[in-house]
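Open your viewer and get ready to click through a few selections. We'll go stop by stop, starting with an open space and moving on to helices and loops.

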Amino acid sequence: MISSALFLLLLLITPKVHGSVDVLGLGEQKGEDGEDKKDSLWLSGAQEMQDLAQLSWEYVQDLQCWLWPEKCEDARSHTEWSWNSIGWDSLNLLTDLYAKVLDSADFARGSITNNVTGLQWDMDRRVYGQHLAVRQIITSLTRFLQEDSQKKTLVLSFHGWTGTGKNLAARIIAENLYRDGQRSLCTKVFIPQLHFPHLSHVEAYKVQLKKQIQAVSSHCSQPLFVFDETDKLPAAFLQSLFPLLNPDETKDTRSIFIFLRYFRYSGSGAGVINEVALNFWRAGRLREEITLDDLDRPLRMAIDQMKDQLLTQQLWTHNLIDEYVPFLPLERHHVKLCARDAIEARGLPYNEGALDSVIQELLFVPKEEKIFSAQGCKQVAQRINFKKL
């Protein structure tokens, strides 16, 4: 592994490039005797390159000691070297090379696409039963990206039951704002159980979070940060999160923060979105008739009562959230559409009977009416994996 890493490093720092691409921008330079000047530059820097190779070898060994301390000998000192012995010319050569490679690949800036038309199309086509959420997301992002040039940070809080499309909506946003979606260097998804699992390490997590956000912001002018299941974040973690939403922390960027919040069906007013949807159904009204005004006051009252949801409450108290985005519970025909998409994605044949058989295995609530899927679309794909259609 070490030899491979060293070989890769030497390839990266080699300024001579085969073919017609002039990576270093030296051009076709000839000396007085007709000798290719690029070759002369390379040969004249041979000693510096040897010094760099030696230095790189030592630090690759250090990396091995860090990864496998049981295989590492006692601490050893480095051979004598200094920046002067390496030479600033060599260091500048490396810096220029990396800069030109990054510019030509256009890693960070080139990954920003901001395809609002595609965002609208994907939201309408892939997110089912969420007319309020889709409209609010499109409006907020369009205003932020195209109109509100002075605003430096957009904070969206997605609220709703499990499986209603919060993660899907966040993924669609990433796919249309960045060329590589959630794999883009401009995006970062934080999952409490994965990134912040131990309460005893909260102080270390605070430092880590700030560094990661600053690192993404340093190479991307429009970073996207998604915090999944924010109700599971440690309470002590909150104070380090609030300053990061301040534009002064990322003054050279325009950042987007999305918080995904899970609402239980009942208890502590947390099921207010579901209750509003259920009341409309019981009154014989279409769910598409539900407006943001119908949810605004109940949702705000529920947030005020969330003694166990410190993040949402603190974000609300400090007026750090720009938009509360409600996701309604899904009905049977919405879940059937999710089942259809999951089957088609696997290239499997199906009919209405097959879709109905998948739906029949899911739990619907309330107990009397059985209107809403208890897991939304979350269990549909798993059901199909173990079901013979």
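**Stop 1: the largest pocket**

Select Gly163, Gly165, Leu168, Cys377 and Lys378: of the 27 residues lining the largest pocket, these lie nearest its centre. A pocket here is an open set of points on a 1 Å grid over the protein atoms alone, where a 1.4 Å probe fits, with protein on both sides within 12 Å along at least five of seven lines; lining residues have an atom within 4 Å of a point. This is a predicted model, so local features need pLDDT of at least 70 and side-chain atom pairs count only at pLDDT 80 or more, while totals for chains, interfaces and linings use all residues. Residues are numbered from 1 along each chain as its sequence is written, and side-chain values use heavy atoms, with hydrogens and water left out.

How much space lies in the largest pocket? About 700 Å³, counted as the space filled by probe spheres set on the points, which are joined across faces, edges and corners. Now colour H8, strand E4 (255–262), helix H15 (332–345) and helix H17 (380–385), the elements that each give two or more residues to the lining. (Helices are DSSP runs of H or I with at least four residues, strands are E runs of at least two, and numbering starts at the N terminus.) The lining has twelve nonpolar, six polar and nine charged residues. Ala, Val, Leu, Ile, Met, Phe, Trp, Tyr, Cys and Pro count as nonpolar, Asp, Glu, Lys and Arg as charged, and the others, Gly among them, as polar.

**Stop 2: H8 and its partners**

Show Ile137, Leu141 and Leu145 in H7, which meet Ala169, Ile173 and Leu177 in H8; contact means heavy atoms within 4.5 Å. That contact is made of six nonpolar residues, with no polar and no charged ones.

Next, pick Arg126 and Glu175, a salt bridge whose closest N and O atoms are 2.9 Å apart. The rule asks for a side-chain nitrogen of Lys or Arg within 4 Å of a carboxyl oxygen of Asp or Glu, and by it the count comes to twelve. Arg126 sits in helix H6 (residues 116–126) and Glu175 in H8, so this pair ties together parts 49 residues apart in sequence.

**Stop 3: two loops**

Most residues other than glycine have a negative phi, and most peptide bonds are trans. Zoom to Asn114, in the loop between helix H5 (88–105) and H6: its phi is near 50°, a positive value. Then find Pro366, in the loop between strand E6 (364–365) and strand E7 (372–373). Is the peptide bond from Val365 to Pro366 cis or trans? It's cis, with omega near -5°.
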